[in-house]
Amino acid sequence: MAHTADLPADQVLAVSRRIADRLLDVQRRVNEQIDATQSELLPEVRRQLGYPEPEPVDLAGLGNVRIEGLDVVVTPEAVASVLPLSQASADTTRRGRRATAEIIATTDDRLAVIAGPCSIHDPAATLEYAEFLAAMRARFADDLEIVMRTYTEKPRTEVDWKGFAYDPYLDGSSQISVGLIATRILMGAITAMGVPVAAEPLNALTPQYVDGLVTYNGVGARNVTDQTARERVSGFSSVVGFKNSPEGSIETAVQAVIAARSGHEFLGVDRHGMTAQLSTTGNETGHVILRGTKDGPNYSAAHIADTRAALGRRGLPEVLVVDASHGNSQKDHTRQPAVVRDLAGQIAGGETAIRGVMLESNLVAGRQDLDQRAPGSLRYGLSVTDSCVDLPTTEAMLEELASAARARRG
């Protein structure tokens, strides 16, 4: 993505819109050719198989009864053709995956830290935060492997904004093709800075649009029981973690790890967006993420010991990542430092199971509500989903975790 490397942040959506318009025109033409070819060939296939001509059937009210619209979307292959990975981005992802995988495997004695906004929604603020993390990576490189949260898909318990990839203009217009392209541009820019990125994959297709750019994928608490999600990440090239369920089930996450570490055969999609049978080898980096529960935290030494025991009983490596936000902070960003302090004490005391920590962090502390009728009224650098800590607090927590990693090494 060399031609977008120096793209001003305020032009990301405009450029994404132009690319989307061109690619959507191409895709419509491709679809017309597919329809024409199938209309020509499929009747002959029926005849060759000995099937009679189909009788006229009234299909009214049987299909797409509740589908209000069906729009063409850009394909992963088309987007990658226009926005190929730069060498700098490829190198960042390759190094980030190797380092994070080695930390999870305990062959690297540093600590992984996945830090960043609960969700990204503003290209300018996103890139400014990435610059901050680039400086933190340089400062703490001996002790921490820092990866940036660039979550553009948001699971919703009921109904709410679904994320930058789905609604990049924050106004309910749902310009998904624009959002997918803008996501790739932003991840390309961040990795070109030397900062590896993390994401949360919510469906079968979106990961294809950022293939080669993501170092770490975290399967969220709402999706950890989804067998199709477990199967998909068994073929991911990234490092993958599974959060415990919202109710606090560690066993659910352990089951997900076992499933993801195994090979699978399942229906998926290829880079052209076409249905395909996928065969996977299994992802040996799969691990549990403790994120707390709706009733309270689960990061204490006793919780860590219980999780180690649960993993050991199933013959899995006794390693895990702890999320300092969500249930562990009861979604109160001011509690994250206390969680980190406790974890740092455990790590400095020699706890080897804790291989990583997740932080929800942004330019400004707290959160704000998104009014899709007036997205321009948002405060710059402030989360529109879960509350986050600010940069000074993030830096202090990173310093504490780096010190703990050094102490554990000693």
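Trainee: How many salt bridges does the structure hold?
Mentor: The structure, which is a predicted model, holds 26 salt bridges.

Trainee: What is the distance between the closest N and O atoms of aspartate 143 and arginine 406?
Mentor: Those atoms are 2.9 Å apart, and the two residues form a salt bridge.

Trainee: Is aspartate 143 buried or exposed?
Mentor: Aspartate 143 is buried, because its relative accessible area is 5% and the cut-off for buried is under 20%.

Trainee: And what does arginine 406 count as?
Mentor: Arginine 406 counts as partly exposed, because its relative accessibility is 38%.

Trainee: Next pair, please. Which side chain meets aspartate 323 in a salt bridge?
Mentor: The side chain of lysine 243 does, at 3.0 Å from N to O. This pair also links distant parts of the chain: aspartate 323 is in strand E9 (residues 320–323) and lysine 243 is in strand E5 (residues 239–243), 80 residues apart.

Trainee: Are aspartate 323 and lysine 243 buried or exposed?
Mentor: Aspartate 323 is buried, and lysine 243 is buried as well.

Trainee: Which residue does glutamate 251 meet in a salt bridge?
Mentor: Glutamate 251 meets arginine 314, with 2.7 Å from N to O between the side chains. Here, too, distant parts of the chain are linked, as the two residues are 63 residues apart. Glutamate 251 is in helix H8 (residues 250–260), and arginine 314 is in the loop between helix H9 (301–313) and E9. Glutamate 251 counts as partly exposed because its relative accessibility is 33%. Arginine 314 is partly exposed, with a relative accessible area of 41%.

Trainee: Which residues do salt bridges that share partners join into one network?
Mentor: The network consists of Asp109, Arg139, Asp143, Glu395, Glu399, Arg406 and Arg409.

Trainee: How far apart are the mean positions of the positive and negative charges?
Mentor: They are 3 Å apart, for 41 positive and 53 negative charges in the chain.

Trainee: Changing topic: where is isoleucine 120 found?
Mentor: Isoleucine 120 is in the loop between strand E1 (111–116) and helix H4 (123–140). It counts as buried because its relative accessibility is 4%.

Trainee: What is isoleucine 120 in contact with, leaving aside neighbours within four places in sequence?
Mentor: Its contacts are Thr126, Arg149, Thr150, Tyr151, Thr152, Trp161, Phe164 and Leu186. As for aspartate 167, it lies 47 residues from isoleucine 120 in sequence and 11 Å away in space, C-alpha to C-alpha.

Trainee: Now the whole chain. How many helices and strands are there?
Mentor: The chain has eleven helices and ten strands. Its C-alpha trace spans about 75 × 50 × 40 Å along the principal axes.

Trainee: What radius of gyration would a compact globule with 410 residues have?
Mentor: A compact globule would have a radius near 22 Å, and the chain agrees with that, at 22 Å.

Trainee: What share of the residues is buried?
Mentor: Buried residues make up 52% of the 410 residues. The accessible surface comes to about 18500 Å², and 50% of that belongs to carbon and sulfur atoms.

Trainee: Of the contacts between residues at least 6 apart in sequence, what share joins residues at least 24 apart?
Mentor: The share is 72% of those contacts.

Conventions. Residues numbered from 1 in each chain as written. Predicted model: local features only at pLDDT ≥ 70, side-chain atom pairs only at ≥ 80, totals over all residues. Heavy atoms only, no water. Helix = DSSP H or I, 4+ residues; strand = E, 2+ residues; numbered from the N terminus. Rg over C-alpha atoms; globule rule 2.2 N^0.38 Å. Buried < 20%, exposed > 50% of the residue type's maximum accessible area, 1.4 Å probe, protein only. Contact = heavy atoms within 4.5 Å. Areas by Shrake-Rupley, 256 points an atom, 1.4 Å probe, with all protein chains shown as cover. Lys, Arg positive; Asp, Glu negative; His and termini not counted. Charge placed at Lys NZ, Arg CZ, Asp CG, Glu CD. Salt bridge = Lys/Arg side-chain N within 4 Å of Asp/Glu carboxyl O.
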